[in-house]
Amino acid sequence: MAPKFFVGGNWKMNGTLASGKELLSTLTSAKLDPNVEVVVAPPALHLLGAQQALQGSNIAVAGQNAYHKASGAFTGEISVSQLQDAKIPWVILGHSERRTLFGESDEAVADKTAAALSHSLRVILCVGETLEERESNKTMDVVVRQLEAVRKQVPEDWSKIVVAYEPVWAIGTGKVATPEQAEEVHAAIYKWAQEKLPKGQAEELRVIYGGSVAGKNCKELASKPSILGFLVGGASLKPEFVDICNAKL
Ligand SMILES: O=C(CO)COP(=O)(O)O
């Protein structure tokens with residue numbers, strides 16, 4: 001059976017308690033494709049409220065980041081074990097904004113991923129190249145390097161990982177990768193997974209696309225065979241997110 005199409009909404013550092021509540025009520029009252037798994041990632045301060053507002057719905061919540069140490073003197077951080085304790089099922093790790101603005105290395109992302117999995121969290125693992133890397137034909141070198149760093153620490157079980165291919169040049173720029181550009185990288189990630197992950201896991205893996213996904217481009221992207229979902233930024237803050245969740249209808 002093909003894995004379920006996955007749509008994540010990454011709210012980033014946006015919104016108020018009131019705007020978040022309104023957005024969630026739009027989502028819970030909308031008719032969403034039952035064959036799609038929907039996850040929203042509000043800012044940390046809003047996570048528990050969102051989880052409560054979503055009770056009884058099929059929409060789950062995700063942290064936008066987490067630290068791999070269980071507890072201690074790490075001012076400003078939230079740990080994977082604290083997410084687990086609060087029954088937050090998902091966490092986004094390795095987002096390009098974490099990598100570029102906050103200096104997270106491939107190894108740091110791998111540490112976090114291994115720790116998150118060992119605390120029963122599901123992980124949306126982000127990978128992707130910058131414009132400069134794309135223009136110098138390094139896209140797959142970068143993506144494979146990022147994936148391999150994680151595989152080194154998580155050699156066996158990728159069943160709780162969703163890989164989000166997010167080309168940095170397409171994030172928040174309105175410059176969406178063409179369906180062909182995205183499909184090419186997704187297909188290469190599946191090829192990597194076939195070769196490097198234990199048998200049977202590549203078939204179960206979801207590789208989703210992120211970068212300026214919108215109501216107007218989601219259907220065409222979703223029609224590509226290797227695009228098994230989206231990670232949406234800006235448009236996840238708008239009612240248009242419902243259309244993106246329903247891209248396969
Ligand atoms: O970074 C993203 C999702 O994690 C994509 O952001 P945009 O959809 O705003 O381009």
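Predicted model: local features only at pLDDT ≥ 70, side-chain atom pairs only at ≥ 80, totals over all residues.

Helices here are DSSP runs of H or I with at least four residues, and they're numbered from the N terminus.

The mean pLDDT of the protein is 97, with 100% of its residues at 70 or more. As for the overall scores, ipTM comes out at 0.99 and pTM at 0.98.

Back to α5. The helix runs over residues 106–118, 13 residues in all, and its 18 Å from first C-alpha to last is close to the 18 Å expected at 1.5 Å a residue. Its buried residues are Val109, Ala110, Lys112, Thr113, Ala115, Ala116 and Leu117. So what covers them?

Now for the inside. The largest nonpolar core counts 77 residues, and Val91, Ile124, Leu125 and Ile244 have the most contacts within it. Which residues does Ile124 touch, leaving aside neighbours within four places in sequence? They are Gly8, Ala62, Trp90, Ile92, Val162, Ala164 and Leu231. In general, nonpolar side chains tend to be buried together in soluble globular proteins.

Last stop, the ligand. It's surrounded by 14 residues, and the closest are Asn10, Ile171, Gly210, Gly233 and Gly234. By type, the shell around the ligand splits into eight polar residues, five nonpolar and one charged.

Methods:
Residues numbered from 1 in each chain as written. Near = placed C-beta within 6 Å. Nonpolar A, V, L, I, M, F, W, Y, C, P; charged D, E, K, R; others polar. Core = buried A, V, L, I, M, F, W, Y, C linked by C-beta atoms within 7 Å. Buried ≥ 20, exposed ≤ 12 C-beta atoms within 10 Å, placed from the backbone. Contact = placed C-beta atoms within 7 Å. Helix = DSSP H or I, 4+ residues; strand = E, 2+ residues; numbered from the N terminus. Expected span 1.5 Å × (residues − 1). pLDDT = per-residue confidence, 0-100.
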